[in-house]
Amino acid sequence: MTEKMEKQDKKGRVPMPEQDPNVRKRNFQEVPTGYTPAMAQEEAARCVQCKKPGCVEGCPVSVDIPGFINLVTKGDFTAAIRHIWSMNALPAVCGRVCPQEIQCEGKCILNKKGLPVAIGNLERFCADYEREHGTGALPPKAAPTGKRIAVVGSGPSGLTVAGDLIQKGHSVTIMEAFHKPGGVLVYGIPEFRLPKAIVAQEVNFLERLGAEVKCNAVVGRTVSLDELFEEGYDAIYIGVGAGLPSFMNIPGENLIGILSANEYLTRANLMKAYKFPEVDTPIPLGKNVAVLGAGNVAMDSARTAMRLGAESVKIVYRRSRDEMPARKAEIHHAEEEGIEMMLLTNPVRYLGDESGRLTGMQCLKMELGEPDASGRRRPIPIKGSEFEIKTDLVIVAVGSGANPLLTQSTPDLALNKWGYIQADPETGKTSKRGVWAGGDIVTGAATVILAMGAGRAAANSIHKYLTWGW
Amino acid sequence: MFPIVAREEMAQGTVILNEIEAPLIARKAKPGQFVILKANEEGERIPLTMAETDPAKGTITVIYMVVGKSTALFKDLKVGEGYQDVIGPLGRPTHVEKVGTVLCVGGGTGVAVLHPITRAMKAAGNHVICVIGARNKGLLILEEKMKAASNDLRVCTDDGSYGHHGFVTDIVKEVLEKTPVQQVVAIGPVPMMKAVSAVTKTYNVPTMVSLNPIMIDGTGMCGGCRVSVGGKTKFACVDGPEFDGHQVNFDELTKRLRAYCTEEKQCYEGYCRLND
C-alpha cells in the first residue's frame with residue numbers, strides 16, 4: 001500500500017445524504033438526495049489515481065473513471081461530465097442504477113484498506129450538476145455521413161447505440177412501442193430510484209444531438225424490419241428487452257390481486273398510477289403484500305407497495321439471503337423501509353374467495369442442498385412444512401423471458417432455444433444482414449449497464465459496417 | 001396527435017364512432033386486430049378492436065360504448081381534436097378461409113367488430129348468416145351494413161321492440177337445427193359469448209370468440225390480460241384476441257373484468273361531477 005493511499009483513506013468515504021426511511025417509505029421522491037459540490041470534491045480526493053485502474057476494467061462501457069474524478073477534484077465539473085459523455089451517454093442513469101459494487105467500485109484498490117471511492121455517487125453528481133447548472137452545450141459531432149439507422153427499443157441499449165452513432169455523424173431514428181421513450185428506465189425502475197424527469201432529459205439530450213424518437217411504433221406489428229430497410233434504413237439495431245413476464249404456474253394464479261411485476265411497475269411508473277385518481281390508470285392497493293423473487297425488480301415492487309400504503313410487505317424467496325440477486329443497496333433500503341424478508345419459502349398455491357379475489361397463499365419451507373447449474377445452492381422443499389400467509393396482493397417478480405412479438409414476424413432472424421436472438425457477443429451482429437441486437441433480448445434479463453455495453457459494441461460494429469461493409 | 005376526421009353518435013348517444021387518422025396502422029391492420037388508444041397525458045390505455053380501416057385514406061374506425069371515464073373522455077373529443085396516442089395494429093388477425101357456411105353472431109358494440117370479419121368471411125366465398133342483437137331497437141347498431149355484408153341477416157331485441165323478441169341464442173339454435181354450419185363467430189358481451197358457445201358446443205360447431213380483457217401494453221409485456229383457454233393461461237393481446245369459445249373460461253374472465261370496478265366507479269363519478 002502506498003503512503004498516499006493510506007493518507008487519503010483516513011478521511012473515509014463521504015456518505016450519500018438520504019431521505020429518512022420513515023418519511024420516504026410513504027413518498028415517491030428520490031431516496032438519495034445527492035452530493036453537494038463540496039462533498040463531491042472531498043470524495044473525489046480519495047481517489048489515488050492508480051496507474052492501472054481496476055475500476056475502468058470493471059466498467060462495461062470503459063468510462064475513464066480516474067480521469068473524470070481528477071476533474072471533479074479540481075472543481076471543473078463541466079469538463080468532468082464531458083469526459084464521461086465521451087464513453088457513456090447516460091451518466092445520470094448509470095450513477096443511480098449500476099451495480100457498482102460488482103463493477104467499478106468492486107475493483108477499486110481502496111477496498112484493500114476500507115471502502116472504495118463512491119464512483120457511482122460521483123458520476124451521478126456530475127450529471128446532475130450539468131443538468132442543473134450546465135450551459136447545455138453539446139459534445140462535438142462528426143460530419144453527416146448520410147447513413148440512416150433504425151434503433152428498435154428506447155431502453156438503455158438502444159439509447160446507447162443512438163448516442164454513439166449520432167456522434168459519429170449518422171442519422172438515427174429510435175422506435176418505441178410505448179407512448180413514452182426510455183424502456184425499462186421509464187416503465188420498470190420507480191420514480192424514487194430514478195426520477196422520470198432525468199430519463200426524459202437524457203432522451204432530450206439525444207434529440208438535441210439530432211436523433212428522432214418515434215413512439216407508438218410497435219416494430220413487428222406497425223412496421224416490419226424488411227419494411228424499415230425498404231424505407232431506406234441502412235442498418236437496424238434491436239434492443240427490445242426481455243419483456244415477457246414469467247409466472248409461477250401454480251394453482252390460482254389468475255385470481256384478482258396477482259400481477260406480474262411488469263404490470264405492477266408499468267402501472268405505477270409509466271402510467272403514474274400512484275397518483276390515481278389524478279391520473280386515470282388504477283393500481284391495486286394491497287394491505288398485506290407478498291412479492292415473489294429477490295432481484296432488483298422485486299425490491300422495486302416491494303418498495304412501491306409500501307409507498308402505496310401497505311400495512312405489511314414481504315419478499316418471499318425460495319433461497320437464502322446470500323443468493324438474493326438484488327443490489328446490496330436496494331436490499332438495505334428495502335429493509336430500512338420495513339420490508340420483511342421471508343427467505344427459504346416457496347409458494348405452492350394461491351387462495352381466493354368466491355368473487356375471484358386473492359385472500360392468501362400456501363407456502364412451503366425450503367432448505368439449501370448442493371449447488372445447482374447456476375452455482376447457487378439448490379433449494380429443496382421440507383416435507384410437511386406447508387403453511388399459509390394472508391395476502392391480498394401478490395407481485396410476481398421471478399424473472400422474464402423473450403417477448404416473441406418482433407422475432408415471430410422476422411423469420412430469418414436466428415433465435416436460441418429460449419427464443420432470444422442469436423448475436424455475435426463481440427459485435428452484436430445477428431443472422432440477418434444489416435441487423436444487430438443487444439441487451440436483454442440477446443442475453444436474457446440482466447442489468448442496465450450490461451445492455452449499454454452491448455449497445456456500445458454494436459454501435460462500433462454498425463459504424464464499421466456503414467464505413468466498410470458487412 | 002391522431003386527429004379524429006369523422007364522428008358519429010349511435011344507439012341514442014350511448015355508442016360513439018370515431019374515424020381516426022392513423023396511416024401506419026391503417027396500412028397494416030386486418031379484421032380482428034385491435035388498437036390501444038390514450039386520450040391525453042393522464043389517460044388510460046384502452047384497447048378497442050377496429051371496426052373499419054381505410055388504407056387509401058389512412059384512417060381507422062373504432063366504435064365503443066360509453067361505460068366509464070376513459071370512454072366518456074373519448075366521447076368528448078370532437079372532429080379536429082384527437083387522441084394523444086394510438087398504437088397498433090395489435091393481436092392476431094381473424095383466421096379467414098372458405099369453409100362453407102359461417103354463422104356470425106353479434107351483440108351490443110360487438111357488432112362493430114363483427115362487421116369487418118363478416119365481410120371478410122363472405123369475400124372468402126362463404127355463405128354468411130348473421131344474427132345481431134341489442135337490448136332494444138334504439139340500441140341496435142350497423143343493421144344496414146351488416147345486411148350488406150352477409151347473405152342473410154336476423155335481428156333480435158331483448159324487449160321485442162324490433163325483430164325477434166328474445167336473445168341471439170334463440171336464433172342460433174334455430175339456424176343450427178335447420179342448416180349445416182361449419183364455423184360460428186360470436187362477438188359481444190361476455191355473457192352472450194358464453195351462452196352462444198354453450199349452444200354451439202351441443203351442436204359441435206367450431207366457435208370463435210373475441211375477448212377484451214383488461215390490458216396495458218397490448219404487446220405481451222404485462223400479462224394483465226391473461227385468460228384461461230382449455231386450462232392453459234393465454235395472453236389475449238398476443239395469443240388472441242380470438243379464441244375457441246368452447247375452451248374459454250368465461251366465468252374467470254367475468255371476474256377478472258371486475259378487478260377495478262371500485263376504482264372505475266370512483267373515476268367516472270368524479271368526471272361526471274366535473275362536467276355537470
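Analyst: Let us begin with burial, where a residue counts as buried when its relative accessible area is under 20%. In this predicted model, buried residues account for 57% of the 276 residues in chain B.

User: What is the radius of gyration of chain B, and how does it sit beside the globule rule?

Analyst: The secondary structure of chain B consists of nine helices and 17 strands. Its radius of gyration is 18 Å, close to the 19 Å that the globule rule gives for 276 residues, so chain B is as compact as a globular protein of that length. Along the principal axes, the C-alpha atoms of chain B fill a box of roughly 55 × 40 × 40 Å.

User: How much area do chain A and chain B bury between them?

Analyst: The two chains bury about 3600 Å² between them, with 53% of that area on carbon and sulfur atoms. In chain A, Arg221(A), Asn254(A) and Asp280(A) lose the most area to chain B, together 22% of what that side buries.

User: How many salt bridges and polar contacts are there between chain A and chain B?

Analyst: A salt bridge requires the side-chain nitrogen and the carboxyl oxygen to lie within 4 Å. There are three salt bridges between chain A and chain B, including one between Lys28(B) and Glu227(A), whose closest N and O atoms are 2.5 Å apart. Between these chains, 21 residue pairs are in polar contact, both residues being at pLDDT 80 or more. On the side of chain A that touches chain B, H13(A) supplies the largest share, four residues, and the residues of that side divide into 20 nonpolar, 14 polar and 11 charged.

Technical notes:
Residues are numbered from 1 along each chain as its sequence is written. Chains are lettered from A and ligands numbered from 1 in the order in which they are written. This is a predicted model: local features need pLDDT of at least 70, side-chain atom pairs count only at pLDDT 80 or more; totals for chains, interfaces and linings use all residues. Side-chain values use heavy atoms; hydrogens and water are left out. Buried area is the accessible area (1.4 Å probe) that two parts lose on being put together, summed over both. A polar contact is a pair of N or O atoms within 3.5 Å; within protein, one must be able to donate a hydrogen and the other to accept it, and residues adjacent in sequence count only if both atoms are side-chain atoms. Helices (H or I, at least four residues) and strands (E, at least two) are DSSP runs, numbered from the N terminus. Ala, Val, Leu, Ile, Met, Phe, Trp, Tyr, Cys and Pro count as nonpolar, Asp, Glu, Lys and Arg as charged, and the others, Gly among them, as polar. The radius of gyration is taken over C-alpha atoms; the globule rule is 2.2 Å times the number of residues to the power 0.38. Buried means under 20% relative accessible area, exposed over 50%, partly exposed in between (1.4 Å probe, protein chains only).
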